[in-house]
Amino acid sequence: MTIEANWARWATAAILAGRLIFAAVFTMALSFKLMDINAAAGYIASAGFPLSMPLAWLAALLELALIACFLTGAYFSEAALLAAAYVLFLAFAFHGPSHWAGNQAEFGFFVDHFIFIAGLLFAAAHGPGRVLALKREWITRQQQA
């Protein structure tokens, strides 16, 4: 067995694991919203956003779409970029500098979002891998048929 073959297997496994981790994180976020959408809306309202209930449902729908993309690999790079923008928004809206004075732990939460963003950007640049990934060309061909 060559070094290249071992590397390809390892890289394939790592990419699949990363996709599953991304899907799991957004599945947890979605689950918490669906378990108590009123609490999610309340948290959104506490950050000063109007229309908190529709925003909570929109966030849930976005997270569901991201989960589907991460699990299937369909529109993976676009989903990873969208997820990175979403996580950046969440970092500033819910853990940004205005929250640090009241709770220093918020700074840690803020920084953690950037670690997640870095992973999403790396994933967007490298794609879903070759295994268990729907390709855009396949989806387009199926729609044309």
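Helix H4 has as its buried residues Phe76, Ala79, Ala80, Ala83, Ala84, Tyr86, Val87, Leu90, Ala91, Ala93, Phe94 and His95. The model under discussion is predicted, and its chain has an average pLDDT of 88, with 86% of the residues scoring at least 70. Confidence is highest in H3, at a mean of 97, and lowest in helix H7 (residues 136-144), at 54.

Residues three or four places apart point the same way, because an α-helix has 3.6 residues a turn. As to its length, the 20 residues of H4 should span 28 Å at 1.5 Å a residue, and the distance of 27 Å between its end C-alpha atoms agrees with this.

The largest nonpolar core comprises 29 residues, and those touching the most other members are Phe26, Ala56, Leu66, Phe70, Ala83 and Leu120. At least two residues of this core come from each of helix H1 (3-35), helix H2 (37-46), helix H3 (52-72), helix H4 (76-95) and helix H6 (105-126). H4 provides the largest share, 10 residues.

When its neighbours within four places in sequence are left aside, Phe26 is in contact with Glu63, Leu66, Ile67, Phe70, Ala83, Tyr86, Val87 and Phe116.

Side chains of opposite charge can pair when their charged atoms come close. The structure holds 1 salt bridge, in which the side chains of Lys33 and Glu63 meet at 2.8 Å, N to O. Since Lys33 lies in helix H1 and Glu63 in helix H3, the pair ties together parts that are 30 residues apart in sequence. Buried means under 20% relative accessible area. Lys33, at 14% relative accessibility, therefore counts as buried, and Glu63 is buried with a relative accessible area of 1%.

Leu51 lies in the loop between H2 and H3, and its phi is near 50 degrees, a positive value in a residue other than glycine. At 65% relative accessibility, Leu51 counts as exposed. Tyr75 is placed in the loop between H3 and H4; although not a glycine, Tyr75 has a positive phi of about 50 degrees. With a relative accessible area of 38%, Tyr75 is partly exposed.

Methods. Residues are numbered from 1 along each chain as its sequence is written. This is a predicted model: local features need pLDDT of at least 70, side-chain atom pairs count only at pLDDT 80 or more; totals for chains, interfaces and linings use all residues. Side-chain values use heavy atoms; hydrogens and water are left out. A nonpolar core is a set of buried Ala, Val, Leu, Ile, Met, Phe, Trp, Tyr and Cys residues joined through side-chain atoms within 4.5 Å. Buried means under 20% relative accessible area, exposed over 50%, partly exposed in between (1.4 Å probe, protein chains only). Helices (H or I, at least four residues) and strands (E, at least two) are DSSP runs, numbered from the N terminus. Contact means heavy atoms within 4.5 Å. A salt bridge is a side-chain nitrogen of Lys or Arg within 4 Å of a carboxyl oxygen of Asp or Glu. pLDDT is the predictor's confidence in each residue, from 0 to 100. The expected span of a helix is 1.5 Å times one less than its number of residues.
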